[in-house]
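Here is a short briefing on one protein model. Please keep the structure open while reading.

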Amino acid sequence: MSEAALKKESDIRVVKSDSYIPTQADFKLKKKSSDDFVDTNFASQSFWKEVVARFWRKKSAVLGLVFVLVITFFAFVGPVMNEYTYSGQNLELKNLAPRIPIIENTGFFDGHENIRTTSGTKVVNYYFEKKLADTFYWFGSDNFGRDIWTRTWSGAQVSLIIAVAAAIIDMIIGMSYGLISGYFGGKVDMVLQRILEIANGIPRLVIVTLLLLVFKPGMITIIIALMLTEWVGMSRIARAEMLKLKEQEFVLASRTLGAGNMHIIFSEVLPNIIGPIITQVMFSIPTAIFTEAFLSFVGLGIPVPRCSLGSLISEGFNSFTTHPYQIIPPIVVMALLMLSFNLVADGLREALDPKLKEM
């Protein structure tokens, strides 16, 4: 063996002799707590907690929710914020422009308006001409001297009640109809779907108009009219979800354990489709608001002296060219209300859909 090979072998022996040999004292068992088994990156949380978190991350939906809450607050509190009532008339105080205390000192909402005449446009202030120093109409007064502020929020209250009540009733009817149709299938589904197609084939405006002509116009009549026409979309969504879920394992397990059909439909399947149902309800509310406003605009809505946003827009339309401020408040409130509900519904749709969780 060469001298280099002997030197290399001796170096290996030195390294082996100098290496550390572990002992039993070097090993200790780590005491694990319950926190050590939690994945901090994907911590488990309830479905509804995730829904709320995803909803709050969508700024437009949060903004819509804020507007809905603000308008709802004023719809029930606004009519009692001054001494006027929605039906109180005073012909001596008719067609007064908006005037708001303190703000009038800035030159805005001080009671003046521009009147168009044959010779041009002139600025008038009926508050000063009639010596109404202590009279204030925040949104102005109409042709009968009624406070537009009080009537606007009273009309918003009526429109909200009608729309929400009609949407909830449509949800109950359409959801039950669609779930039963999709669950039983076969001849039951065929018969129910033919009935639905017939109901959907009749123009909704015709049904609503005939119903309002036969019965006395009022809030209950409008709710019934909307109830008879707006449940079709809900039933189709419920039926589609039922067809997708009725062959799942949890339904088979419930049927094997002896659960009845109604128990499976409303206790097993319904909780699993509550997301699309809530979303559809939120989308149907602005539709009901618009339908009610349209009926009131054409004279088939709430009878006087009660008012809704549609009837207020109809009254303001008649004096739009002379006193445009009378139509602006109900239009703005209705537009914000419909837009806000649509934003909230869009946010709920994304929050409740697991497929959009990572988007």
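D142 forms a salt bridge with R151 in this predicted model, with the closest N and O atoms 3.8 Å apart. D142 also meets R146 in a salt bridge, at 2.9 Å from N to O. D142 and R146 are buried, and R151 is buried as well.

**Salt bridges**
- The whole structure holds 13 salt bridges.
- Side chains of opposite charge can pair when their charged atoms come close.
- R194 pairs with E197, and their closest N and O atoms are 2.8 Å apart.
- Both residues of this pair, R194 and E197, sit in helix α6 (residues 186-201). They are 3 residues apart, about one turn of the helix.
- R194 counts as partly exposed because its relative accessibility is 38%, between the limits of 20% and 50%.
- E197 has a relative accessible area of 42%, so E197 is partly exposed too.
- K58, D346, R349 and E350 are linked in a salt-bridge network.

**Nonpolar surface patch**
- A nonpolar patch on the surface is formed by L205, F290, F294, F297, V298 and F317. Together they have about 580 Å² of accessible area.
- Helix α12 (residues 274-297) gives the most to this patch, with 3 residues.
- F297 is located in helix α12. Its relative accessible area is 35%, so F297 is partly exposed.

**Cavity**
- The model has 1 cavity of 30 Å³ or more. The volume of the largest cavity is about 30 Å³.
- Its lining consists of A166, A167, D170, E230, S284 and A288.
- Helices α5 (148-184) and α12 each supply at least two lining residues.
- The most comes from α5, with 3 residues.

**A contact across the sequence**
- D353 lies in the segment after α14 (328-352).
- D353 and G275 are 78 residues apart in sequence, yet their C-alpha atoms are 7.3 Å apart in space.
- D353 counts as partly exposed because its relative accessibility is 26%.

**Confidence**
- The mean pLDDT of the protein is 83. Of its residues, 87% reach 70 or more.
- Confidence is highest in helix α3 (residues 59-77), at a mean of 94. Confidence is lowest in helix α1 (residues 3-18), at a mean of 54.
- Where pLDDT is low, the predicted coordinates should not be read in detail.

Conventions: Residues numbered from 1 in each chain as written. Predicted model: local features only at pLDDT ≥ 70, side-chain atom pairs only at ≥ 80, totals over all residues. Heavy atoms only, no water. Patch = residues over 30% accessible without salt bridge, like charges linked within 9 Å, V, L, I, M, F, W, Y side chains within 5 Å. Areas by Shrake-Rupley, 256 points an atom, 1.4 Å probe, with all protein chains shown as cover. Salt bridge = Lys/Arg side-chain N within 4 Å of Asp/Glu carboxyl O. Helix = DSSP H or I, 4+ residues; strand = E, 2+ residues; numbered from the N terminus. Buried < 20%, exposed > 50% of the residue type's maximum accessible area, 1.4 Å probe, protein only. pLDDT = per-residue confidence, 0-100. 1 Å grid on protein atoms, 1.4 Å probe; cavity = no way out; pocket = protein on both sides within 12 Å on 5 of 7 lines; lining within 4 Å. Points joined across faces, edges and corners; volume = space filled by probe spheres on them.
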